[in-house]
Amino acid sequence: MCHTCDDHPEHAPAEPGRREILKMAGAGLAAAAPLLGALSADNAQAAVAASALGQSPFPVRAYGARSAGGRIAPLQIQRRALTPHDVLIDVLYAGICHSDIHAVRGDWGAPSLPIVPGHEILGRVLAIGNQVTKFKVGEIAGVGCMVDSCGTCENCLADREQICLKGTTFTYDSPDRISGGHTFGGYSDRIVVGERFAIRIPPGMDLVSTAPILCAGITTFSPLRHWRVRPGQRVAVVGLGGLGHMAVKLAVAERADVTVFTTTPGKIADAARLGAREALLWLDAAAMRRLANAFDLMISTVPYAFDVQPFMDMLKLDATFVNVGLGEARGINPASMAFGRKSLAGSMIGGIAETQAVIDHCFARNIRPDIELIRPDQIDAAYERVVNKDVRYRFVIDFASTK
Ligand SMILES: [Zn+2]
Ligand SMILES: [Zn+2]
């Protein structure tokens with residue numbers, strides 16, 4: 001390198017400017033790494049830009065709780081430097097799932113603190129590791145309920161990463177195999193995730209309403225596929241919330257004959273609008289007797305404990321009641337189960353291939369979650385409304401307009 005000659009461009013110092021770093025970030029961050037080591041103090045601004053693009057661990061603005069059940073408030077978290085297979089996503093929209101509320105409030109055990117929820121994440125790819133092939137900078141990507149798994153166990157090899165035998169890494173409040181500590185979710189400005197766990201969002205897909213497909217959509221799509229719902233079959237959806245309304249839309253799209261059970265009289269008309277044949281109030285005993293042995297499949301999205309047997313009694317021979325809402329199934333009558341050879345099953349989200357499939361399916365069929373857009377400072381109020389069943393049907397946090 002020539003330090004004295006300013007006359008010959010070919011002898012110019014080999015330090016990249018900000019624009020070059022941004023370009024290299026687009027081409028692959030690892031390619032930029034050796035050059036960044038040569039940065040002078042004059043290029044501090046470029047170093048900051050590189051840090052923001054995941055060259056080194058970097059701080060990120062987020063919303064989370066500092067104590068179990070605490071307020072959701074602004075805080076700062078650290079994201080890891082990009083590995084060669086990572087993508088850095090600028091979060092534009094994040095859905096609010098009832099699981100977020102359970103996790104923050106410690107309903108499923110004490111959360112790791114601070115807790116930053118959010119596992120319905122949609123954003124724009126800002127930078128990629130140098131071995132990433134699935135995304136280019138500027139494309140739209142989604143992240144659902146998980147961000148890592150072993151990749152080698154029989155479940156991972158069968159595209160069932162959500163049930164990794166060595167432990168799935170969930171998007172938040174989960175031990176982080178790569179960085180240590182615990183994972184932070186999508187109520188944040190940016191997220192770093194391995195490309196294997198990022199979902200391609202087709203160009204032209206509606207950005208504002210797509211995030212809820214990444215949990216509510218896949219959670220209800222997976223059992224419809226697994227139990228092979230066919231046109232004309234009778235499907236019951238128990239609970240009409242974020243998951244339930246997606247279950248109705250997805251089952252109707254399969255031309256199933258859908259019945260909804262809800263505790264909220266105001267949602268009866270909504271069920272019809274969503275395409276259900278009928279909607280019934282929870283304890284409508286006459287209707288439940290009329291529907292004995294009626295259903296090929298029931299999907300319960302209820303997140304609370306309830307007596308399941310009255311619903312099991314409405315299943316046909318060999319039919320299945322699938323609990324995706326994770327509410328405790330109480331009151332099972334073994335004799336009734338045996339006489340109808342009925343099954344009580346659970347199902348949890350879906351694998352990455354299946355998550356990509358539900359995104360592509362919803363885009364192709366123009367199936368969109370019904371959402372209500374909120375600002376980040378409205379998350380606490382939104383939680384109260386979710387708990388009070390006062391949301392139609394998913395809150396989505398608008399980070400895009402804060403950028
Ligand atoms: Zn969820
Ligand atoms: Zn595994």
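User: Over which residues does pLDDT stay under 50, and how many contacts beyond four places in sequence does the model have for them?

Analyst: The score pLDDT is the predictor's confidence in each residue, from 0 to 100, and it stays under 50 over residues 1–40. For these residues the model has 51 contacts beyond four places in sequence, two residues being in contact if their C-beta atoms, placed from the backbone, lie within 7 Å. The protein as a whole averages a pLDDT of 89, and 87% of the residues score at least 70. This is a predicted model, in which local features need pLDDT of at least 70 and side-chain atom pairs count only at pLDDT 80 or more, whereas totals for chains, interfaces and linings use all residues. Residues are numbered from 1 along each chain as its sequence is written, while chains are lettered from A and ligands numbered from 1 in the order in which they are written.

User: How many helices and strands are there in the protein?

Analyst: The protein has 14 helices and 19 strands. These are DSSP runs numbered from the N terminus: helices are H or I with at least four residues, and strands are E with at least two.

User: Why is Asn-366 called exposed?

Analyst: A residue is exposed if 12 or fewer other C-beta atoms, placed from the backbone, lie within 10 Å of its own, buried if 20 or more do, and partly exposed in between. Asn-366 has 9 within 10 Å, so it is exposed. Asn-366 is found in the loop between helix H13 (352–365) and strand S18 (371–374).

User: What makes Gln-309 partly exposed?

Analyst: Gln-309 has 15 other C-beta atoms within 10 Å, and is therefore partly exposed. Gln-309 is found in helix H11 (residues 309–312). Leaving aside residues up to four places away in sequence, Gln-309 touches Gly-331, Ile-332, Asn-333 and Ser-336.

User: What makes the six strands, S12-S11-S10-S13-S15-S17, an open sheet, and which strands stand at the edges?

Analyst: Two strands pair if DSSP finds at least two bridges between them. Five bridges join S10 (residues 234–238) to S11 (residues 257–262), so these two strands meet the requirement of at least two. The pairing in the sheet is parallel. Strand S12 (278–281) and strand S17 (343–346) each have a single partner strand, so one side of each lacks a neighbour in the sheet. From one strand to the next, the twist averages 20°.

User: Why are H7 and H13 called roughly perpendicular to each other?

Analyst: The axes of helix H7 (residues 216–226) and H13 come within 9 Å and cross at roughly 100°. Angles of 65 to 115 degrees count as roughly perpendicular, under 35 as roughly parallel, over 145 as roughly antiparallel, and the rest as oblique. H7 and H13 are therefore roughly perpendicular. At their meeting, Gly-217, Ile-218, Phe-221 and Ser-222 in H7 face Glu-354, Thr-355, Val-358 and Cys-362 in H13 as contacts.

Technical notes. Axes fitted to C-alpha atoms, helices over the stretch in contact; angles between N-to-C directions.
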